[in-house]
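Subject: Structure for your review

Hello,

Here is the structure we spoke about. My notes on it follow below.

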Amino acid sequence: MLKIDTLKLSSNLILSPMAGITDLPFRTLNHTFGCELAFVEMINARSLGHKSKKTQHMLSTNLKDKPLGLQLLGCEPKFIQRAMDILQEYEFDVLDFNAACPAKKVTRRGEGASLLKEPKKLNQLLKLIIKNSKVPVTAKIRAGWDKDSLNAKEAALYAQDAGIKALFIHGRSKTQGYSGSVDYKIIKSVKDALTIPVIASGDILSAQLAKRMFDETGCDGIAVARGALGNPWIFREIQEFIKNGKIIPRPSPQEIMRTMLKHLDLCIDFYGEKVGVVIFRKFIAWYTKGFRKIRPLREKASRVKTKEEILTLSEEFLSVNTREKEN
Ligand SMILES: Cc1cc2nc3c(=O)[nH]c(=O)nc-3n(C[C@H](O)[C@H](O)[C@H](O)COP(=O)(O)O)c2cc1C
């Protein structure tokens, strides 16, 4: 269904990398709902060299976490070369290079989206990565730096010329960050200009918006990001809508809570209860989006410390929402 060089994917639905979010528990859960390829949170080439316990933990994987993509961030050839040597020890199926991150601490070092301003440098760095990679290499870009320099097509052509096997594009400029609407036209212009697969990202928040992305851009695959927060069902919903035109009803509050607790268990297995519960707090707010009378319960959720407390909270969420439905 989607081929990234030697990597054959059975669908073109991808989980986009999200720093602080796409850890092993999140990826595993989304795979069970129809996500075909998932990415680890972005890794800085420089910090990879420190071989910290945190980075090694971040790179851990298992058989349920396949196929797996890594994403590298960097701009200095010596750190990238060292990162590529270190990455030889790890198991993954595709390596993406980030030329899209808009964070100030990233762009002021010349990394992430600031490489859009230097497409020739992007080309050189990609050549270095490709030369040292045993898996297919891809790149992720944005529409451009700002509305007056929307050079996605130029950057994409430089990246393709380096030998990447697919291109990811987030259809917003660097200055837009994550707000404003996604530019379908610029994604289409990139798709029309390239010969390699183009995977589109931006505002894929529902099955209908996923279809819109395919229809308006002709892209070969889509990468879901915020649409999957507290909502792994989005992959199943997209699949069904695109294949059969059917809208799957939203999961019941009970199913949402069941899945949330499954995700919690995965988090606790991976981080231990103390750290896992703290990391999980933000997910409670996402899973309960759209639930009624949740403000006081969400406040409690932001302070929970144990699995037991989350179990009690989930019962409270359900009792409020079931009662509301009956009234
Ligand atoms: C919290 C957060 C963290 C992100 N981290 C990364 C990242 O590490 N690497 C990356 O390429 N994109 C990252 N992104 C961008 C997403 O992968 C995606 O391209 C973007 O959010 C647009 O999709 P959306 O509008 O559907 O959310 C991040 C987005 C969010 C919201």
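Predicted model: local features only at pLDDT ≥ 70, side-chain atom pairs only at ≥ 80, totals over all residues.

The crossing of helices H9 and H10 is right-handed.

Helix pair H9 and H10

Two packed helices are described by the angle between their axes and the distance between the axes. For H9 (residues 207-217) and H10 (residues 233-244), the angle is about 55° and the axes lie 8 Å apart. Angles from 65 to 115 degrees count as roughly perpendicular and those under 35 as roughly parallel, so H9 and H10 are oblique to each other. On the H9 side, the residues that meet H10 are Ala-207, Gln-208, Ala-210 and Lys-211. Their counterparts in H10 are Glu-237, Ile-238, Phe-241 and Ile-242.

Helix H12

H12 runs over residues 273-287, which is 15 residues. From first C-alpha to last, H12 reaches 19 Å, close to the 21 Å expected at 1.5 Å a residue. H12 also has a kink of about 40°, centred on Arg-281. Its buried residues are Val-277, Phe-280, Phe-283, Ile-284 and Tyr-287.

Glu-273

Glu-273 is found in H12. Is Glu-273 buried, exposed or partly exposed? With 16 other C-beta atoms within 10 Å, Glu-273 is partly exposed, because the cut-offs are 20 or more for buried and 12 or fewer for exposed. Neighbours within four places in sequence aside, Glu-273 is in contact with Ile-268, Thr-306 and Lys-307. Ser-52 is 221 residues from Glu-273 in sequence, and their C-alpha atoms are 21 Å apart in space.

Regards

Terms used:
Residues numbered from 1 in each chain as written. Helix = DSSP H or I, 4+ residues; strand = E, 2+ residues; numbered from the N terminus. Expected span 1.5 Å × (residues − 1). Bend = angle between axes of the 7 residues up to and from the residue. Axes fitted to C-alpha atoms, helices over the stretch in contact; angles between N-to-C directions. Parallel < 35°, antiparallel > 145°, perpendicular 65-115°, else oblique. Left-handed = near helix turned anticlockwise from the far one by under 90°. Contact = placed C-beta atoms within 7 Å.
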